[in-house]
Amino acid sequence: MIFTSQERKMNFGLLFMRLGLAAVLLIHALPKLFDGTAAWKKFWMSLEFESIGLPGAIMGFAILLIESIGALSLLCGYFFRVACALLSFLYGLYFFGYFYYKSGYVTLTLWSLGLAVVFFGLIYVGPGRYAVSVKLEKK
């Protein structure tokens, strides 16, 4: 099947968005994920959700793991929509935490809301033509 120039540009743009977002998420999550229990607990405490009563180290690990696996899914385009849904929910929680507890960092609030909206939009757009899932469906 021959694609027009416009379709190629659109698919390349989606690839560029996927790779860029995955790089940012991996740079954010992997160092904290590999730092161990103290970093996981500190990350959970920074979200100011400790009043829920869940163990900080476990929740911090779970959130960072979801973020890392979601970034890897964005990178290759496999399980793309599931990863975008989880990341949209996760960044929605970040937005709620920053907004509700008034952390004082307006840019964090806006950054988390912006990423939640981008991931929500990517659920409907899909990974584009340059993804592992597209190559696997052809076989």
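Phe120 is partly exposed, with a relative accessible area of 46%. The model it sits in is predicted. Its ring pairs with that of Tyr124 in an edge-to-face arrangement. The centres lie 5.5 Å apart, with 75° between the planes. That angle counts as edge-to-face because it is over 60 degrees. Phe120 and Tyr124 are four residues apart in helix α5, so about one helical turn separates them. Tyr124 is exposed, at a relative accessible area of 61%.

The structure holds five aromatic pairs. Another of them joins Tyr91 and Phe119. This pair is tilted: 6.0 Å centre to centre, 40° between the planes. It links distant parts of the chain. Tyr91 belongs to helix α4 (residues 80–100) and Phe119 to helix α5 (residues 106–125), 28 residues apart. Tyr91 has 3% relative accessibility and therefore counts as buried, the limit being under 20%. Phe119 is buried too, with a relative accessible area of 0%. Ring pairs also bring in Tyr94, linking Tyr91, Tyr94 and Phe119 into a cluster.

α4 and α5 pack at an angle of about 160°, with their axes 8 Å apart. That makes α4 roughly antiparallel to α5, because angles over 145 degrees count as such. Their crossing is left-handed. On the α4 side, the residues in contact include Phe80, Leu87, Tyr91, Tyr94 and Phe95. On the α5 side they include Leu108, Leu115, Phe119, Phe120 and Tyr124. By class, the contact has 19 nonpolar, four polar and one charged residues.

Helix α1 (residues 5–34) and helix α3 (residues 56–76) pack at about 150°, with their axes 8 Å apart. α1 and α3 are therefore roughly antiparallel to each other. The crossing of α1 and α3 is left-handed. From α1, the contact draws on residues including Arg18, Leu21, Leu25, His28 and Lys32. From α3, Phe61, Leu64, Glu67, Ser68 and Leu72 are among them. The residues of this contact divide into 16 nonpolar, two polar and three charged.

Definitions and conventions. Residues numbered from 1 in each chain as written. Predicted model: local features only at pLDDT ≥ 70, side-chain atom pairs only at ≥ 80, totals over all residues. Heavy atoms only, no water. Phe/Tyr/Trp six-rings, centres within 6.5 Å; stacked < 30°, edge-to-face > 60°. Helix = DSSP H or I, 4+ residues; strand = E, 2+ residues; numbered from the N terminus. Buried < 20%, exposed > 50% of the residue type's maximum accessible area, 1.4 Å probe, protein only. Axes fitted to C-alpha atoms, helices over the stretch in contact; angles between N-to-C directions. Parallel < 35°, antiparallel > 145°, perpendicular 65-115°, else oblique. Left-handed = near helix turned anticlockwise from the far one by under 90°. Contact = heavy atoms within 4.5 Å. Nonpolar A, V, L, I, M, F, W, Y, C, P; charged D, E, K, R; others polar.
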